[in-house]
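Me: Could you take a close look at one part of this model for me, the strands and the core packed around them? I'd enjoy a connected walk through it.

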Amino acid sequence: MDSATSDRPAARDHLGSQASNGLKIVIVGGFGVGKTTMVRSVSDIRPLNTEEIMTRAGQEVDDLTGVSGKTSTTVAFDFGRISLNEQTVLYLFGAPGQERFWFLWDRLFSGTLGAVVLVDTRRLQDSWYAIDRLEHHGTPFIVARNDFGGPAHSHEQIRDALDLPDEVPLVDCDARSRASSKGVLIELVTHLHRLSTARVGGAVGAPGAAR
């Protein structure tokens, strides 16, 4: 996917001293699905990235099906930051998508409150490992279908293909758009808030709870 981004303001506000909630968010998904593009488009700061030019040697180990025009790839992780409001700041980590870098994921998931699984419906099978690892770690996540202009699939079809529970949000996005990417992150934070509220409510209503 073209890494050019839209809706980028000429200048971004710096992190205010009044911000009190810093949340670590990881963006995961298959190779070439748009993780670096999303971090770039939405970050308030100039993102740190570890992109390198793809070589012939890499073509022997990375599956380029559907992304044959891709010329660079993340070899460690991307990092960015976005202030959702005066109190809440998200620290964004984009994980590398190639199988040979999956060993980094478990470390990236440490301390993570939630994740976005970015998917390309042309290569849904590339998302299975990300979902499996997040479920293994008990990390809440949402799924965002990135717009590559391919064949249309209903949300029900995507849920069936990924075996997604009904409670996991599924949204559409364009990772090149700051507004669209920010909407995905807001959806994740809203999902985390719902889960937190449900846990608190369950604890208060449990037998033997303090009255």
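Reply: Happy to! Let's begin with E1 and E5, which pair in the parallel sense over seven bridges; strands count as paired if DSSP finds at least two bridges between them. Along this pairing, Asn21 stands opposite Thr88 in E5. Strands (E, at least two residues) and helices (H or I, at least four) are DSSP runs, numbered from the N terminus.

A word on the ground rules: this is a predicted model, in which local features need pLDDT of at least 70 and side-chain atom pairs count only at pLDDT 80 or more, while totals for chains, interfaces and linings use all residues. Residues are numbered from 1 along each chain as its sequence is written, and side-chain values use heavy atoms, with hydrogens and water left out.

E5 has another partner too: E4 (residues 78-83) runs antiparallel to E5, joined by six bridges. The two strands form a hairpin with four residues between them, and Ile82 stands opposite Leu90 in E5. Six of the seven residues of E5 are buried, where buried means under 20% relative accessible area, exposed over 50%, and partly exposed in between (1.4 Å probe, protein chains only).

Leu90 also leads us into the largest nonpolar core, which has 22 residues; Leu90, Val116, Val184 and Leu185 touch the most other members. Such a core is a set of buried Ala, Val, Leu, Ile, Met, Phe, Trp, Tyr and Cys residues joined through side-chain atoms within 4.5 Å. Among the elements giving two or more residues to this core are E1 (21-29), H1, E5 (88-94) and E6 (114-119). The largest share, four residues, comes from H6. Leu185 is in contact (heavy atoms within 4.5 Å) with Ile25, Val42, Ile82, Leu90, Leu92 and Val116, not counting residues up to four places away in sequence. A second, separate core of 21 residues includes Leu108, Val117, Leu164 and Val168.

H1 (residues 35-42) is mostly covered as well, with seven of its eight residues buried; Val42 is one of these, and Lys35 is another.

Finally, have a look at Arg145 in strand E7 (residues 141-146). Arg145 counts as buried because its relative accessibility is 15%. Its side chain makes a polar contact of 2.6 Å with that of Asp172; the term covers a pair of N or O atoms within 3.5 Å, where, within protein, one must be able to donate a hydrogen and the other to accept it, and residues adjacent in sequence count only if both atoms are side-chain atoms. Beyond its neighbours within four places in sequence, Arg145 also contacts residues including Val119, His153 and Cys173.
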